[in-house]
Every structure is written in C-alpha cells, then in structure tokens.
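My notebook is open and I want to go through this one piece by piece. Here is what I am looking at.

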Amino acid sequence: HRAEMAPVGLPSLSGSPSAEGDAAKGMLRLPSPTGPPPGRTPLRSPSSFMQALSPKSLREETETNLNLLLAKYADHIAKMRAAKTLAPLLLENPTEHDDIFLLRHVLSTKGLVPQAVNSAAQCIKWRKDNAALLARADELHRTVKEILPVGMLPHASTLDQPIQVVMPFQVDVGRFAKASLEWHFETGIANREVAFRLCDRISRKRRKLIKVILLQDLSGLTFSFAYSQYRLGSVQGKLSKISSFVYPQMLAQVVIVNAPSFINSIMRVASNFLSQKVMDKFRVCTSAEQACAAANLPYDLFPSFLGGGYDWDAAWIPEKLRNSGRQQAQERRISRHSRETEPIFGGGSSDVGSSSDLPFISEADIASGALPGEVGSEEEGA
C-alpha cells in the first residue's frame, strides 16, 4: 500500500539528503519542531495580506471607500439630482454640491431617496441663511480654546479618523457656565463646521469617507455643575437636529473617559435632547484599554494624561496634566517592560509575542500617510 501511494519526485522539506530517500519510500519528513522550514519566516502577527482579507477590514473598505460607495449609490444620486425640489438648489453651487455631497445625505438617510432629497435641500438652505455665522467659524473656534482645553491629536486613528480631545471641566468652568446660550450655540456650530471641513478635505484627497472621533475627558465634572447647566440641554438638542442635515456622516464615535459615578444619570438626561442616532455613538470607557479600542487608537498613541503611552506636549494641555501624564506614562512603560521580560514558569525565555509584536502603528507610519498640517493642526478642532 505504501509503494502504491508513494509520491514521485517529492521535493525535500528538511533540506537534508536523507529527506529525498524518505520521500522515495513514501514517507514525509516533518519540519523540525524547534523551528520553521528553511526559507520560511515565523509569523508573530497577522500578515498584511490576511489583515486585508479580515472581515473587519473588508467591511471597513466597503463602508468607507468613496469610489465603491459612489458606484453603489449612483442610482440614488441620479434620482436626487432629478428631484424638482433639489435640482435648482444644486445648480447654485455645482462645485460644492457634487456627488460626494449628495452621497453623505444618502448614507445618512439609509438610502431613502425622498428623505435624502429633503436633507440635502435643508442643508443648502440653512447654510445659505447662516452664511455669516459660518464665515466666523474659525474665529469662534479660537474663542472656545480660550475657555476649554481642546485640540486635535497629531496623528489619526488606525482608520485614518481625526481625533479631537476635549477636557471641558479642567479649566475656567466659571466662564463656561456664565457664557450666554447664543455663545454656546454659535461656538457649537463653529466647532462642527471646522471639523466637517477637515473631514471633507481628507475624504476627497484619500477617496475615503472620513469621520471624526471625539475623545471627551469628563474629569472634574461635579453633579452640582451638571445640574446647574441643565439649560444647555435645549442648545445641544438644537445643535443635534441641525447637525443631522448640515453635517451628515461626520461623527464616528464619542469616547468618554474619566466619567463620574453619575454618568448614567447624565446619559438619561442627554437622551431627552439628542437623537438616538447620536446616543448610539457614545462609548463610556472605564479604562485606557477600552478607550483605545473605541477610538481605534493603539495604546502607544493614546495620550499619557488619559492613561496611554503617548507624551503629548501641546501648549493647550494644562501643565499639571502634561507633567503628571508624562510621569505616569514612564511608570507604565517600566511596568510593562518588566512584565514582558519576566521568564515564564521561572525558567528560560518565552516564545510568546510581547506587546512590541502587536501591529501598533507608529507616528512615522501615520505621518507617511496623513495630510501634513491638517490632522495635527492646532486650529483644526472638531
């Protein structure tokens, strides 16, 4: 039986002359258990090929590739252009109101053309009626930064998403509380306008639908302050409604860190003003690891003052936080290094991959694919 099944001309697997003799006898010599076959490199992390074929990568490519999306929804966009209520509005600024503009409204309304037409028409009319406010967006955004610590990370997420960090209760809470409702509304629009411009610009250059991630640090928030600012609920509700048609497909996630013990009460109150679509994007994280996963950001690129390993030294970050974050990050790095180099079961070195083997994305990797001066710009807040 062995003679009948013996393969002919089987190549050597071990590289030794005896392997060919074994093959002639119908036996396969297995690779040495202490290492891979010659010429083969052991894979300690998924290859780029397998990552590209992973369900998550394929889904992300299908959901964000502009060329694929424009082809998929070409009929929807054509019907929108033919709509009597929308066609004259599109002609007012054909360069701005292109297929990508219409695609955002199609996606936002889940492919329902009548709703998409209404959304796009509302957007064009609102922007025309509020052109003066939109022209002041950059100026208003700068005034926000005078009160609230806010800025863009100098690198994007692993999905190329810009990440804005906001710490609204770290500095000048009194000035924030005394600001008028009109100021809160106008700066709310300005922040969204600046973020939308950034996302739209990157989307068009990358041919990829880009959304922003909001990383919100709630440390310092007290129940008394939250209760006293209940008046802002109406403003946030108004902003949420306007954003649904003026800034469609802009927000990816709202990642909350350092949440107070009464965060559930805050979320219940917020649900009275914000749409369910927005509420579904909130992620309350109780650890840096959870926040990294929610923000699609490797630990080494997560700000140190929020529990990560990245020493972010931007001028807008309160000095106390910069210093404490740097010290804590150093302590965590030492702790992680000692765990990774510690022998397993008291002897020998382990062949188990350490955290350095994980497919972390470095700043150099991001910089090579990012848009210089855009993702990391201090003036490009969300």
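**Sheet first**

I started with a residue pair: Asp-217 stands opposite Val-257 in S4. I am working on a predicted model, where local features need pLDDT of at least 70, side-chain atom pairs count only at pLDDT 80 or more, and totals for chains, interfaces and linings use all residues. Residues are numbered from 1 along each chain as its sequence is written, and side-chain values use heavy atoms, with hydrogens and water left out.

I then looked up the strands on either side of that pair. Strand S3 (residues 212-217) runs parallel to S4, and 6 bridges join them. Val-212 has Leu-251 as its bridge partner in S4. On to the next strand: S4 and S5 pair in the parallel sense over 3 bridges, and Ile-256 stands opposite Val-284 in S5. For my own record, two strands pair if DSSP finds at least two bridges between them. Strands are DSSP runs (E, at least two residues) and helices are runs too (H or I, at least four), numbered from the N terminus.

Zooming out, I get 5 strands in an open sheet, ordered S1-S2-S3-S4-S5, with mixed pairing. Strand S1 (150-152) and strand S5 (282-284) stand at the edges with a single partner strand each, so one side of each has no neighbour in the sheet. The twist averages 20° from one strand to the next (axes are lines fitted to C-alpha atoms, for helices over the stretch in contact, and angles run from 0 to 180 degrees between N-to-C directions).

Helix H18 (residues 288-295) packs on this sheet and touches strand S2 (163-166), S3, S4 and S5. The direction of H18 makes about 175° with that of S4. Contact here means heavy atoms within 4.5 Å.

Is S4 buried or exposed? I found 7 of the 7 residues of S4 buried, so S4 is largely enclosed by the rest of the structure. Buried means under 20% relative accessible area, exposed over 50%, partly exposed in between (1.4 Å probe, protein chains only).

**Just ahead of S4**

Met-250 is in the loop between helix H15 (232-246) and S4. Met-250 counts as buried, at 10% relative accessibility. What does Met-250 touch, not counting residues up to four places away in sequence? I noted Arg-104, Arg-192, Ala-195, Phe-196, Cys-199, Lys-211 and Val-212. Met-250 and Arg-192 are 58 residues apart in sequence, yet 8.7 Å apart in space, C-alpha to C-alpha.

**Helix checks**

I ran a length check on helix H13 (residues 181-206). At 1.5 Å a residue its 26 residues should span 38 Å, and the end C-alpha atoms are 37 Å apart, which agrees. The expected span is 1.5 Å times one less than the number of residues. Arg-207 follows H13 and has a positive phi, near 55°.

I also looked up Ser-119 in helix H9 (residues 113-129). Ser-119 counts as buried at 6% relative accessibility. Leaving aside neighbours within four places in sequence, Ser-119 is in contact with His-105, Thr-109, Ser-244 and Phe-245.

**Rings**

How many aromatic pairs does a search of the whole structure find? The search gives 4. The rings of Phe-223 and Phe-262 have centres 5.4 Å apart and planes at 90°, so I logged the pair as edge-to-face. Phe-223 lies in helix H14 (residues 223-228) and Phe-262 in the loop between strand S4 (251-257) and helix H16 (263-270), so the pair ties together parts 39 residues apart in sequence. Phe-223 is partly exposed, at 49% relative accessible area, whereas Phe-262 is buried at 15%.

Phe-305 and Trp-312 are a stacked pair, 6.3 Å centre to centre with 15° between the planes. Both of these residues, Phe-305 and Trp-312, are buried. Phe-305, Trp-312 and Trp-316 form one aromatic cluster. My cut-offs: rings of Phe, Tyr and Trp (its six-membered ring) pair if their centres lie within 6.5 Å, with planes under 30 degrees apart stacked, over 60 edge-to-face and the rest tilted.

One charge turned up too: the charged end of Lys-238 sits over the ring of Phe-185, 4.4 Å from the ring centre. That needs NZ of Lys or CZ of Arg within 6 Å of the ring centre and within 35 degrees of the ring normal.

**Totals**

I count 20 helices and 5 strands in the protein. Of its 382 residues, 44% are buried.
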